[in-house]
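Work through the exercises below with the sequence and the model in view. Try each task before you read its solution.

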Amino acid sequence: MKVNPNMSILIVDDDKDIINYIKTLLRKHGFRNIHTAVNGVIALDYIEQSFIDNKKVDMILADWKMPELDGIHFLDYLKRNEDFSDIPFLMVTSDSDRLHVVEAINHGVSQYLIKPFDERGLINKISDVLKRKSA
């Protein structure tokens, strides 16, 4: 996978260990512009401010189950907002319920990755999302 190190990636998860794990894997693969939020409310604030500052977020990796604003409602907000609807969204969650996967797809998720995952699984999903975006 060819990496643009300036690509802005936002990781949204209430588990700091997961955030650190994903950051480590992304850095290992050349990504340098990585930001984090512990829930959807903080993530929305970050995305909106980044947009105002003309530093748009290029990809989001978010958990489903988070306090204050969960991943599916966070995704809904982004998809309803024309400024953010095209941001690729990778749902990274422990929820493997088939109905939830279908629900996420119906809400416009770009990819779905089930925890626990390994480096290869994460990078393959990101690569798939990036290929779709450039197509």
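**Exercise 1. Helices α2 and α3**

Task: Which residues of α2 meet which residues of α3?

Solution. The model is a predicted one.

Step 1. From α2, the residues that take part are G40, A43, L44, I47 and E48. Their partners in α3 are F74, Y77 and L78.

Step 2. Sort these residues by class. The contact of α2 with α3 has six nonpolar residues, one polar and one charged.

Step 3. Take the axes. Those of α2 and α3 come within 10 Å and cross at roughly 25°.

**Exercise 2. Helices α1 and α5**

Task: At what angle do the axes of α1 and α5 cross, and which residues make the contact?

Solution. 

Step 1. Helix α1 covers residues 16–28, and helix α5 covers residues 119–134. Their axes come within 11 Å and cross at roughly 70°.

Step 2. Compare this angle with the range of 65 to 115 degrees, which counts as roughly perpendicular. Therefore α1 is roughly perpendicular to α5.

Step 3. The crossing of α1 past α5 is right-handed.

Step 4. On the α1 side the contact is made by Y21, I22, L25, L26 and K28, and on the α5 side by E119, L122 and I126. By class, the residues of the contact of α1 with α5 divide into six nonpolar, no polar and two charged.

**Exercise 3. Two residues of α5**

Task: Take L122 and E119, both from the contact in Exercise 2. Is L122 buried or exposed? What does E119 touch, apart from its neighbours within four places in sequence?

Solution. 

Step 1. L122 lies in helix α5. Its relative accessible area is 0%, so L122 is buried.

Step 2. Leaving aside neighbours within four places in sequence, L122 is in contact with I22, L25, L61, L90, L113 and F117.

Step 3. L122 and L26 are 96 residues apart along the chain, and their C-alpha atoms are separated by 8.9 Å.

Step 4. E119 is also found in helix α5. Its relative accessibility is 22%, so E119 counts as partly exposed.

Step 5. With the neighbours within four places left out, E119 is in contact with Y21, L25, K28 and H29. As for F74, its C-alpha atom is 25 Å from that of E119, and the two are 45 residues apart in sequence.

**Exercise 4. A residue of strand β4**

Task: Where does M91 lie, and which residues are in contact with M91 once neighbours within four places in sequence are left aside?

Solution. 

Step 1. M91 is in strand β4. With a relative accessible area of 0%, M91 is buried.

Step 2. Leaving aside neighbours within four places in sequence, the contacts of M91 are A62, D63, W64, G71, I72, L75, V109, Q111, Y112 and L113.

Step 3. Compare T24: M91 and T24 are 67 residues apart in sequence, and 18 Å separates their C-alpha atoms.

**Exercise 5. An aromatic pair**

Task: How are the rings of F51 and F84 arranged?

Solution. 

Step 1. The structure holds three aromatic pairs. One of them is formed by F51 and F84, with 5.5 Å from centre to centre and 80° between the planes.

Step 2. Planes over 60 degrees apart count as edge-to-face, so the pair of F51 and F84 is edge-to-face.

Step 3. Locate both rings. F51 is in helix α2, F84 is in the loop between α3 and β4, and the pair links distant parts of the chain, 33 residues apart.

Step 4. F51 counts as partly exposed, because its relative accessibility is 35%. F84 counts as buried, at 4%.

**Exercise 6. Backbone exceptions**

Solution. 

Step 1. N54 is not a glycine, yet its phi is positive, about 60°. N54 is in the loop between α2 and β3, and at 71% relative accessibility N54 counts as exposed.

Step 2. E68 also has a positive phi, near 70°. Its place is the loop between β3 and α3, and E68 is exposed, with a relative accessible area of 68%.

Step 3. The cis peptide bond joins K115 and P116, with omega about -5°. P116 lies in the loop between β5 and α5.

Notes:
Residues numbered from 1 in each chain as written. Predicted model: local features only at pLDDT ≥ 70, side-chain atom pairs only at ≥ 80, totals over all residues. Heavy atoms only, no water. Phe/Tyr/Trp six-rings, centres within 6.5 Å; stacked < 30°, edge-to-face > 60°. Helix = DSSP H or I, 4+ residues; strand = E, 2+ residues; numbered from the N terminus. Buried < 20%, exposed > 50% of the residue type's maximum accessible area, 1.4 Å probe, protein only. Contact = heavy atoms within 4.5 Å. Axes fitted to C-alpha atoms, helices over the stretch in contact; angles between N-to-C directions. Parallel < 35°, antiparallel > 145°, perpendicular 65-115°, else oblique. Left-handed = near helix turned anticlockwise from the far one by under 90°. Nonpolar A, V, L, I, M, F, W, Y, C, P; charged D, E, K, R; others polar.
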